[in-house]
Amino acid sequence: MAVSAAIMAGAISRPEAVVVLDIGSCATEAALVTGAKNHPGRIEATSRTDDLGSAGLDRALARHVLEQVRGHLPAEDLPDPVNRAIVEDVITACGRAREDLIRHPSTIVHVQLPAARVPVRIVRAEFDTLAHEPIRAALRAIADLMDHARKNHIAVDTILLTGEIARTPLLTELISAPGPPAS
């Protein structure tokens, strides 16, 4: 009600609308928030996907790295308990590698095997291939909210990315591309 009064009084031209995309460790949550200058925001709609989270991307990157050294692992099967410590170390290293790939076109993950330490080079394009579908799922969450906004005559001013992987170059590239976000 106060937002409408401020608009009618000419204090602001229209309510502001923002889609907030929060990419967490295990999931991505999106919210369509409306408000006006000096007024609290109101959540108009929400969307969520479990397809995109930093932990899932780290595990996908770890599987990719472990495939490079599979023949040198103590057991053939990755989930075998004999490989557990190696796999856990690689997942942790892949979290750091994912962060490095935000700033650099490539990085190295060192895999500590029983007989040797093996460097595995990862280029951003490899990570982008692994992250493409999960990022598309997050873009579908944005598209759902944008559709809700259109149906309710809400003009979205901004898409705000928050969370651990919000600076991922592929995410920025796809969200900035012309056309519908989920295309």
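Reply: The hairpin of strand 2 and strand 3 has six residues between its strands, and within it N38 takes a positive phi near 65 degrees. Strands here are DSSP runs of E with at least two residues, helices are runs of H or I with at least four residues, and both are numbered from the N terminus. The model is a predicted one, in which local features need pLDDT of at least 70 and side-chain atom pairs count only at pLDDT 80 or more, while totals for chains, interfaces and linings use all residues. Residues are numbered from 1 along each chain as its sequence is written, and side-chain values use heavy atoms, with hydrogens and water left out.

Strand 2 covers residues 28–35 and pairs with strand 3 in the antiparallel sense over seven bridges; two strands count as paired if DSSP finds at least two bridges between them. E29 stands opposite R48 of strand 3, V33 has I43 as its bridge partner, and T34 lies opposite R42.

Strand 2 also has strand 1 as a partner. These two pair in the antiparallel sense over eight bridges and form a hairpin with four residues between them. On this side, E29 stands opposite D22. Strand 2 is mostly covered, since six of its eight residues are buried, where buried means under 20% relative accessible area, exposed means over 50%, and partly exposed lies in between (1.4 Å probe, protein chains only).

Why does T34 count as buried? Its relative accessible area is 13%, so T34 falls under the cut-off for a buried residue. The side chain of T34 is joined to that of E44 by a polar contact of 2.7 Å. A polar contact is a pair of N or O atoms within 3.5 Å; within protein, one atom must be able to donate a hydrogen and the other to accept it, and residues adjacent in sequence count only if both atoms are side-chain atoms. Leaving aside residues up to four places away in sequence, T34 touches E16, A17, P40, G41, R42, E44 and I154, contact being heavy atoms within 4.5 Å.

Axes are lines fitted to C-alpha atoms, for helices over the stretch in contact, and angles run from 0 to 180 degrees between N-to-C directions.

Helix 4 leads on to helix 2. These helices pack at an angle of about 140 degrees, with their axes 10 Å apart. That makes helix 2 oblique to helix 4; angles under 35 degrees count as roughly parallel, over 145 as roughly antiparallel, 65 to 115 as roughly perpendicular and the rest as oblique. Their crossing is right-handed, a crossing being left-handed if the near helix is turned anticlockwise from the far one by less than a right angle, and right-handed if clockwise. The contact involves L57, A60, L61 and H64 of helix 2, and E126, F127, L130, A131 and P134 of helix 4.

Helix 2 (residues 54–68) packs as well against helix 3 (residues 84–103), at about 115 degrees and with axes 8 Å apart. The two are therefore roughly perpendicular to each other, and helix 2 passes helix 3 in a right-handed crossing. Residues making this contact include L57, L61 and V65 of helix 2 and V87, V90 and I91 of helix 3.

In the protein chain as a whole there are five helices and six strands, and 40% of the 183 residues count as buried.
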